[in-house]
Amino acid sequence: MSDTVLVVGAGPTGLSAAAGVASVGKKVILVEKENVLGGAPILSGYAKLVPSGEWAKDAIGRMVKRVEGDSNITIHKGTKVTKVDGDAGNFNVTLSNGTTVNVGAVILGTGFTHFDSINKPEWGFGTFEDVLTTTQMEQMVATGKITCPSDGRVPERVAILLCVGSRDRQIGREWCSKICCTVSTNLAMEIKELSPTTDVFIYYMDIRTFGLYEDKFYWKSQEEFKTKFVKARIAEVTKSPDGRLLVKGEDTLVKRPIIIPMDIVVHAVGMDPNEDNPEISKTFGVGLEKHGFLERGEHYTSTFSSTRRGVYVGGSALGPDDIDTCISHGLAMAMRAVGDLNAMVQKAA
Amino acid sequence: MATYAEMREIYDEIRGDFRYDHELNGCLNCGVCTATCPSAQFYDYSPREIVQLLWTENVEQIYDAMQEKIWACAQCMTCAARCPFKNSPGGLVMIMREVAIKHGMQSAKDVLRPFGRVMLKLITTGNQLSPDMIQPDHFPDWGPNIQKVEGDLKTLRKAIPVRTLQTVETAWEVSLKTSVEMYTIWEMTGVLAALEAMDENLFDVIEDFIDEKREEYDDWLEEQEDD
């Protein structure tokens, strides 16, 4: 029997879970496959986070520092878990760096993969230099200057296309990625702030700036930053002879097809299941749900359980979610893991 | 003007088609179908509107759309290839057109009238176009670049595997047995009934032709037995 907890993945979910377990005095082994801690917000260079407005490197940086400075937490970077034998309370885990550890519980914060826009060729990503993803645009915002990658000119008009890799049966993405509406309204405001002569248009099917994000992002982006919202899904992005991009859609409220010139087109990319999920499912012996995310066990009385006893799963490994929710999941999983281990100790005594 | 009951009956028939649920799952109203539709660029036609009318069971507007709008669709099915919900607006138009024909709607008659000769050739021989009929002069919509490949057209045609379909003479020369089998198919699938509803004169001409061919075939069969 071991009361050490293995946390897999050092994004917002895993960093929160590791800190949570350590805060009640238990040992944590934190394994991260990349050589950098912080997960998607750091690896993809997110700009300012929703809803705090703090730069990702500052906010997530604090989470990393908290974990790195905790003597209860042992960190393995650039490392994967290769084998998980045993049962709840007594798992024998092998790591890719040759280490073997004995742990009582496993927390999976293995996250997601950004949708690869190459899978929607009609929207021009990979064909035209001035077609970017939201993560690329956030990286541009972080440089402090908004320019067209093709020739460095300041864009007059930027289009953000929502639901790229979401809500699309044609490419097997039948889910709403939940965060892209809010991220895009936030991005529209950041663009306008840095480049006041640039107009931003958002093309949408529905706007899902859920909860308190309605007025803080959706309304604010219109009222204070004059972002234009057009209810249309873009059919294709092409290039006009003068080098500008052309987006073709139907303005469904005006009910006519439209072709509009743009200088930059941004894909609001959705959240795919982690591309490693088939491997994760096999290594940890946990199930996948129908879209390819990790499967939840019974939720009401065994919250954040996976399909294997003693293995917990949360954050965007379960499905698209925002950073704040993932951090809560991490802490909830810490509670579950420690609680279950304490119960096992009491039973054994 | 049709009564509500008549319009309702037409809707029910469209709704009752075995393909309907496959072509229509719901609608997110994104407009990608209309954006991508070549006909919507030129006509008062919108695939999203057709989907919406059917999805909301707007029987009056469905009937109205069948008077003109549905005939603007080119049946290119780009809408079906793009729809994020995997609907097929073009497939729904196909069902609506079939119901319009079945009910002998004037709009269907008006649209099909110029195609009498095509129908005659198609129903009697099974095809009406052979590759050697396809000449650039007849198709200005191919654009000026077609001249670049024109010289190779003869060679390109040879790549078509079915040799008999390469020229007008061979394409329109159909074996007696195949013809008679094809007429049975036209009859059993309701094509001839649809034709009768659309153009009675053309139907009479074609039926005479079919009867003649069937007699010829029967004679040929008897000859075989005699041998």
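This is a predicted model: local features need pLDDT of at least 70, side-chain atom pairs count only at pLDDT 80 or more; totals for chains, interfaces and linings use all residues.
Which residue in β2(A) does A:Leu6 stand opposite?

1. A:Leu6 stands opposite A:Ile29 in β2(A). The strands involved are β1 (residues 5–8) and β2 (residues 28–31), both of chain A. They pair in the parallel sense, and four bridges hold the count. As background, strands of a sheet pair through backbone hydrogen bonds, either parallel or antiparallel.

2. **The sheet around that pair.** β1 and β2 of chain A belong to an open sheet of five strands. Its order is β3-β2-β1-β7-β18, and the pairing is parallel. Look for the edges at β3 (73–76) and β18 (311–313) of chain A. Each of these two pairs on one side only. Neighbouring strands are turned by 20° against each other on average, with direction ignored.

3. A:Ser2 sits in the segment before β1 of chain A. Leaving out residues up to four places away in sequence, A:Ser2 touches A:Asn90, A:Asn102, A:Val103 and A:Gly104. Compare A:Ala19, which is 17 residues from A:Ser2 in sequence. In space the two are 18 Å apart, C-alpha to C-alpha.

4. Strand β5 (residues 90–95) and strand β6 (residues 100–103) of chain A run antiparallel. Four bridges join them. The hairpin has four residues between the strands. There, A:Gly98 takes a positive phi near 95°.

5. **Another open sheet in chain A.** Five strands make up this sheet, in the order β9-β16-β10-β11-β12. The pairing is parallel. Its edge strands are β9 (131–133) and β12 (228–231) of chain A, each pairing on one side only. On average, neighbouring strands here are turned by 25° against each other, direction ignored. Within the sheet, strand β11 (residues 199–204) of chain A pairs with β12(A) over four bridges, in the parallel sense. A:Tyr203 has A:Val230 in β12(A) as its bridge partner.

6. **The core.** How many residues does the largest nonpolar core have? It has 129. Among those with the most contacts inside it are A:Ala18, A:Val106 and A:Ile160. Helix α8 (residues 323–348) of chain A gives the largest share, eight residues. Beyond its neighbours within four places in sequence, A:Ala18 is in contact with A:Val7, A:Val28, A:Leu30, A:Val67 and A:Ile73. In soluble globular proteins, nonpolar side chains tend to be buried together.

7. **Chain B overall.** Chain B has 16 helices and zero strands. Its C-alpha atoms fill a box of roughly 65 × 50 × 30 Å, taken along the principal axes. Of its 227 residues, 25% are buried. Now consider the contacts in chain B with a separation of 6 or more: 72% of them join residues 24 or more positions apart.

8. **A helix pair in chain B.** Helix α5 (residues 47–55) and helix α8 (residues 89–102) of chain B have axes that come within 9 Å. They cross at roughly 65°, and the crossing is left-handed. From α5(B), the residues B:Pro47, B:Ile50, B:Val51 and B:Leu54 meet B:Pro89, B:Leu92 and B:Val93 in α8(B). By class, this contact has seven nonpolar residues, no polar and no charged.

9. **Where the chains touch.** The contact takes 15 residues from chain A and 16 from chain B. On the chain A side, strand β14 (residues 245–251) supplies the largest share, three residues.

Key:
Residues are numbered from 1 along each chain as its sequence is written. Chains are lettered from A and ligands numbered from 1 in the order in which they are written. Axes are lines fitted to C-alpha atoms, for helices over the stretch in contact, and angles run from 0 to 180 degrees between N-to-C directions. A crossing is left-handed if the near helix is turned anticlockwise from the far one by less than a right angle, and right-handed if clockwise. Two residues are in contact if their C-beta atoms, placed from the backbone, lie within 7 Å. Ala, Val, Leu, Ile, Met, Phe, Trp, Tyr, Cys and Pro count as nonpolar, Asp, Glu, Lys and Arg as charged, and the others, Gly among them, as polar. A residue is buried if 20 or more other C-beta atoms lie within 10 Å of its own, exposed if 12 or fewer, and partly exposed in between; C-beta atoms are placed from the backbone. Two strands pair if DSSP finds at least two bridges between them. A nonpolar core is a set of buried Ala, Val, Leu, Ile, Met, Phe, Trp, Tyr and Cys residues joined through C-beta atoms within 7 Å.
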